[in-house]
Amino acid sequence: MKQIITLLTFFALFGFATAQADDAVKTVSLQSLLSEMIDPTSIAKFPDPYYTCKQASSYDRATVAPDQPGWFANNDQGHFVREEMNGDRKEWVLMDVDGPGAIVRWWITAFHFKSTCRIYLDGSDTPAIEANVGEMVGGNYLVGAPLSRTAPLDLEHSGRNLYLPIPYAKHCKITIDQMPEQQVFYYQVNYRTYEPGTNVESFTMRNLKRIAPIIDSVQRTLSLGFQYNETIDEKLLISIKAGRSETMRDVHKTGCTSFALYLKADDMPKALRSTLVRISFDGKETVCCPVGDFFGTGVGIHPYKSWYTSVQKDGWLVSNWPMPYKESMVLKLENVGDAEVKVRLASFQSDLKWTDKTMYFHANWRQERGIKTLGGDGTKDFNYIAIKGKGVFAGDSLALVNHYPTWWGEGDEKIYVDGETFPSHIGTGTEDYYGYAWGSPNFFESPFHAQPIVERKDMFGKTVNSRYRILDGIPFRKDFRFDMEVWHWAPTEVDYAVTTYWYALGDAETNQPDNVIEEANIRFPDETDLRFELPGYKFEGKIVGNLSIQKLPDVPTEGEGVTPYEQLWWTGAKPNDQMNVVIHTDKSGAQELRVVLTKARDYGKVQFTLDGKELGEPLDLYNETVVRTKPITLGTVDIPAGDHVLGVKILGKNEKSVDYMFGLDEYEFVAK
């Protein structure tokens, strides 16, 4: 039992066994919300006082209904509630809601942060909080990491997150200014609304400073995680033959459990997908999920740390999901693969006072392969889960395979609660839902969201994204449905496998498939199984950076209308990098070479060459918005018919540009 000493210490320190007290919180305050955040069992109690959780965001307002145009609209920036004047200052309103309530999660991103954010509480004309929006959300103005941080860390253009709760008694309005200078701004704000009459103590900066020691303690607690550093004694491993199952724990008394697993197999990626965690509480199975997906690592061991799940470098898979039960708990592992798996269990058992608010833990898994994508034209809503019952949605983990080397995750989450016909949570992009931005391939981890693995920098292959909810858990009284748009830039296929975590009172029903065993034995394909073509171009010599075909629909040509098109997209470049593209002409003699390029705020300055000789003047491809150029003449050349090498060298970038990208849309030889 040495392996669970850290786990025992953690629960003893933060009152795991006593957290089930049935006295409701009398007053909701910053302190009570912080206490709820670090109470490991709070998510397993149905809320009292009850609240709804909704989201204000910059989603494209053309999204109106599934049977109307615009349901998959993707212009998700800006879209404020309204503009208003405050004296001689114009402010843009992000959110304007009545309380009692609390802001429980923010996410924002932009190319830069010039705006001041103001939060007005309870009808006051004086903001309770006033700060640069980038310093407030993701920065250190209110609180430091991990409650406020970027994902990935230290990247200039990241998703910025704030999990410090901001309660309010009567009303909350959020504004930003400087929008003409700010230009691009994406946002999501998750907020609770409590039942009328709930006593809420509104946030003040004075109270924030007063409870600084409490906040420091919360920060340390959230950062603690779990460490299993003891040497594993392989003699204690239990062998599970192919097609067999083993009961790992069988307990018959009221209690609450959590556990960690260690697997050993000749083919670990396959074992993680084809070994199932199956847990029954009080005679009903509520967990049936592949081991790797349950622990948020997908296919393969990818170390990371979060509040509810972690993967240690030594291979231990740790679950901190609290799992209460009234009479019995049975944990089984089932090997549905074709090879032996060895496994070791470390578990923690605590006493529990069962009340009418105590909920059962659920984890469901489903996958769909070969989901067809056609950019905005072929997009579909992939259903994560639908539930009938009474409970709280607590998070999810998405393991996917992208079959094309360009960004896959423009899709928006759409969450419906208690019979809603329009989602009360609608987002701005899959990566935004998971707390990062701009389709970053970088590893990140935090208590509430993580990206343990991106197989390649061009987004081709496997990715795992997870989001865990504490204060932003979503209660439901009748039903719950979660859909995610499958919005890909390329006409290709993606494979999605999603694990959903939730709690429910008594019996609850879902639409989850009953073929988990069959599906779990079909592993995600290896990289060698993933093929892609870059039509229309050949490549020669060393290419520094990443190349892909990017589809950019609804982009205007300079001075003209909208033209959907594709470009050869070069990312990851830096000054003095060069790529060579093989282009072709059917004619010999003097001819003019023309190109059509993309300009945007993240594109660089370039110099073209043809067969090693400079061609044309340097071009600055910076523009505030994405546009397609009219044909640009690079010069006249006298060349024979056949293939020629068009070189593109990165010279640098405009001082306003944020990157060195390049996009070639078309080329043409015109005889003189």
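Analyst: Let's start with the contacts. Counting contacts in the protein chain between residues at least 6 apart in sequence, 79% join residues at least 24 apart; a contact means heavy atoms within 4.5 Å. Before going on, keep in mind that this is a predicted model, where local features need pLDDT of at least 70 and side-chain atom pairs count only at pLDDT 80 or more, while totals for chains, interfaces and linings use all residues. Residues are numbered from 1 along each chain as its sequence is written, and side-chain values use heavy atoms, with hydrogens and water left out.

Now for the overall picture. The protein chain has ten helices and 44 strands; these are DSSP runs numbered from the N terminus, with helices (H or I) of at least four residues and strands (E) of at least two. Of its 672 residues, 61% are buried. Buried means under 20% relative accessible area, exposed means over 50%, and partly exposed is in between (1.4 Å probe, protein chains only). The chain exposes about 26000 Å², and carbon and sulfur atoms supply 48% of that. Those areas come from the Shrake-Rupley method with a 1.4 Å probe, and for residues only the protein chains shown count as cover.

The spot I'd pick is Asp396, which sits in strand β24 (residues 391-402). What does a buried Asp396 do without a salt bridge, and which side chain of opposite charge is nearest? That nearest one is Arg469, 5.0 Å away. A salt bridge needs a side-chain nitrogen of Lys or Arg within 4 Å of a carboxyl oxygen of Asp or Glu. For charge, Lys and Arg count as positive and Asp and Glu as negative, while His and the chain ends are not counted. What Asp396 does have is a side-chain polar contact of 2.5 Å with Tyr433. A polar contact is a pair of N or O atoms within 3.5 Å; within protein, one must be able to donate a hydrogen and the other to accept it, and residues adjacent in sequence count only if both atoms are side-chain atoms. Leaving aside neighbours within four places in sequence, Asp396 is in contact with several residues, among them Tyr384, Tyr434, Phe482, Val498 and Tyr501.

Salt bridges do turn up elsewhere: the structure holds 31 of them. In one, Arg89 and Glu91 bring their closest N and O atoms to 2.7 Å. Arg89 is partly exposed at 27% relative accessible area, whereas Glu91 is buried at 1%. Lys574 and Asp577 form another, with closest N and O atoms 3.7 Å apart; Lys574 is partly exposed at 47% and Asp577 is buried at 8%. Then there's Arg82, partly exposed at 32%, whose salt bridge with Glu84 has closest N and O atoms 3.0 Å apart. Arg82 and Glu84 also belong to a salt-bridge network with Asp96 and Lys173.

Next, the strands. Strands of a sheet pair through backbone hydrogen bonds, either parallel or antiparallel. Here, six strands make an open sheet in the order β12-β21-β14-β19-β18-β17, with antiparallel pairing. β12 (238-240) and β17 (304-305) stand at the edges with a single partner strand each, so one side of each has no neighbour in the sheet. Two strands count as paired if DSSP finds at least two bridges between them. Strands β14 (residues 255-264) and β21 (residues 341-350) are joined by nine bridges, and Leu261 has Leu345 in β21 as its bridge partner.

Finally, a few backbone details in loops. A cis peptide bond joins Ala145 and Pro146, with omega about 5 degrees, and Pro146 lies in the loop between α3 (133-136) and β7 (148-151). Ala151 to Pro152 is a cis peptide bond too, with omega near -5 degrees; Pro152 is in the loop between β7 and β8 (159-162). Asp122 has a positive phi of about 60 degrees although it is not a glycine. Asp122 lies between β5 (116-121) and β6 (129-132) and is partly exposed at 31%. Gln178, also not a glycine, has a positive phi of about 60 degrees; its loop runs between β10 (171-176) and α4 (179-182), and Gln178 is partly exposed at 35%.
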